[in-house]
Each structure stands twice: as C-alpha cells, then as structure tokens.
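Subject: Structure handover

Hello,

Here is the structure for you to look through. My notes on it follow.

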Amino acid sequence: EVPTPGEIIPLDQLDNNNAAVAYLTARHYNVKELSEYYNMCYCKKGKLFARGTFNTTNTIIIPVTQNNQIIGWQSRLLYNPDSLTETEKGILGLKYDAEEKKYILPPKYLTSPGLRKGKMLYNIDNAKKSKTVVVTEGVFDATSVGRCAVATFGKQVSDEQVSALKSYWDVIILLLDPDAKDEQN
C-alpha cells in the first residue's frame with residue numbers, strides 16, 4: 001500500500017499565481033506537460049514524514065509508476081533548505097533539535113516510505129515506447145529530455161537498474177552529472 005502524501009491537485013488545475021506553478025515556470029518547465037504526461041501534482045495539505053522533518057504541504061508530488069501502477073512518489077520542496085535564514089526556518093515550522101541547538105533541515109526531495117529507488121527507474125513505462133533511452137539522475141532532468149528518458153533517482157545506478165536498461169533497450173544514452181562518474185563502480 002502506497003501511503004498518500006496528502007491532499008493533492010493536478011498541476012494543470014492550479015492558478016498561475018500558485019507557488020508550485022511559479023517555481024516550475026521560473027525554471028522553464030511546462031506545467032501542463034508535467035501534469036498531462038507525468039501526472040505531477042501539488043500537495044495542498046500534506047503530512048509529516050521522515051520522523052517529522054519533512055512536511056509534504058506545499059510541495060510538488062511526482063508519482064512513480066511501474067507497469068502502469070503507482071508504486072510510490074517523490075515530493076519536491078519549492079525552496080532550497082540550505083539557503084533559509086534562521087527566521088525562515090522557524091516560520092516554515094522546521095523541526096528544532098534542542099540538544100544540537102539547530103533546526104533539522106529537510107532534504108529537497110522525499111521519497112515515499114517503502115519505495116526502493118534503486119530497484120526501479122522513473123518514467124520507465126513511457127520510455128519503453130522508445131527505441132532509445134536516455135538515463136538521467138533526477139526526475140526533472142528526465143522530464144526535460146522527454147518521454148524517452150528515465151531517472152535513476154541519484155548518482156548511483158544499481159545492478160537492478162542496469163538489468164532493466166539492458167532488457168528493454170539496445171541504445172542507452174547516459175546523461176549523468178559530471179561528478180557521477182566518480183561514484184560509479
């Protein structure tokens with residue numbers, strides 16, 4: 001059972017002044033395409049995850065599917081937690097560690113509990129329709145390339161992901177960040 005991130009709304013049903021729409025358009029993403037082809041949503045009212053350090057409220061929800069079934073999701077913050085002031089951390093309600101005397105910063109992305117990122121590829125169902133696949137690290141990198149792209153959810157490419165790539169495609173184009181080669185086995 002995939003836990004729900006909270007109350008979600010398809011991106012293409014949001015007003016142009018919504019924070020998620022502003023975030024995406026500022027980064028030159030097509031909101032309608034992200035909604036239509038990738039089923040991305042906005043989480044209007046979320047839940048706390050990761051021991052209370054990540055709140056899915058006001059985040060972008062990226063469904064993760066395999067064999068046309070939702071098997072999980074990723075939630076993307078609309079801000080960079082590393083750039084927040086102490087005041088902003090308090091206003092956002094970040095969890096405070098009294099012993100360490102500092103706020104606990106959430107990651108930019110949270111993967112739904114139970115989803116094992118290394119066992120699958122983002123957008124594999126769409127990409128299977130193409131003769132060639134482009135492999136990226138992140139979800140938004142894959143959507144920028146198009147429906148023939150998959151994402152590994154990070155720099156590491158697991159044996160399971162390599163096996164899936166080899167079983168579906170003869171032509172595989174790696175489009176990983178330059179620092180990823182240093183971390184591959």
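Glu1 sits in the segment before strand 1. Glu1 is exposed, with a relative accessible area of 98%. Exposed means over 50% relative accessible area, buried means under 20%, and partly exposed is in between, all with a 1.4 Å probe and protein chains only. The C-alpha atoms of Glu1 and Pro106 are separated by 24 Å, and the two residues are 105 apart along the chain.

Some ground rules. This is a predicted model, in which local features need pLDDT of at least 70, side-chain atom pairs count only at pLDDT 80 or more, and totals for chains, interfaces and linings use all residues. Residues are numbered from 1 along each chain as its sequence is written, and side-chain values use heavy atoms, with hydrogens and water left out.

Overall picture

The protein has six helices and 12 strands. These are DSSP runs numbered from the N terminus: helices are H or I with at least four residues, strands are E with at least two. The C-alpha atoms fill a box of roughly 50 × 40 × 35 Å along the principal axes. The radius of gyration is 17 Å; a compact globule of 185 residues would have one near 16 Å, so the two agree. That radius is taken over C-alpha atoms, and the globule rule is 2.2 Å times the number of residues to the power 0.38.

Of the 185 residues, 41% count as buried. Among contacts with a separation of 6 or more, 59% join residues 24 or more positions apart. Contact means heavy atoms within 4.5 Å. The protein exposes about 10,800 Å², and carbon and sulfur atoms supply 47% of that area. Accessible areas come from the Shrake-Rupley method with a 1.4 Å probe; for residues, only the protein chains shown count as cover.

Charges: there are 22 positive and 22 negative side chains, and the centres of the two sets lie 3 Å apart. Lys and Arg count as positive, Asp and Glu as negative; His and the chain ends are not counted. Each charge is placed at NZ of Lys, CZ of Arg, CG of Asp or CD of Glu.

Helices with a buried side

An α-helix has 3.6 residues a turn, so residues three or four places apart point the same way. Three helices are worth checking for this.

Helix 1 (19–26) comes into the cover of helix 2. In helix 1, Ala20, Val21, Tyr23 and Leu24 are buried. They cover an arc of only 160 degrees around the axis, which puts them on the same side of helix 1. The arc is that of the directions from the helix axis to the C-beta atoms. The buried residues of helix 1 pack against helix 2, strand 2, strand 5, strand 6 (69–76) and helix 5.

Helix 2 covers residues 31–38, and its buried residues are Val31, Leu34, Ser35 and Tyr38. Seen down the axis, they fall within an arc of 115 degrees, so they line one face of helix 2. Their cover includes strand 1 (6–10), strand 5 (59–66), helix 4 (124–127) and helix 5 (139–145).

Helix 6 runs over residues 159–168, with Gln161, Ala164 and Leu165 buried. Their arc is only 100 degrees, so they are on the same side of helix 6. The face turned away carries the exposed residues Asp159, Lys166 and Ser167. The buried residues of helix 6 pack against helix 4, strand 10 (132–136), strand 11 (149–151) and strand 12 (171–174).

Single residues

Phe49 is in strand 3 (residues 48–49). Phe49 counts as buried at 11% relative accessibility. Leaving out residues up to four places away in sequence, Phe49 touches Thr4, Pro5, Phe54, Thr56, Trp73, Leu110 and Pro113. The C-alpha atoms of Phe49 and Pro5 are separated by 8.8 Å, although the residues are 44 apart along the chain.

Ser112 lies in the loop between strand 9 and helix 4. Ser112 is buried, with a relative accessible area of 2%. Beyond its neighbours within four places in sequence, Ser112 is in contact with Gly72 and Trp73.

Asn123 is in the loop between strand 9 (109–111) and helix 4. Asn123 counts as buried at 6% relative accessibility. Its phi is near 70 degrees, a positive value in a residue other than glycine.

Asn39 also has a positive phi, near 55 degrees. Asn39 is found in the loop between helix 2 and strand 2 (41–46).

Best wishes
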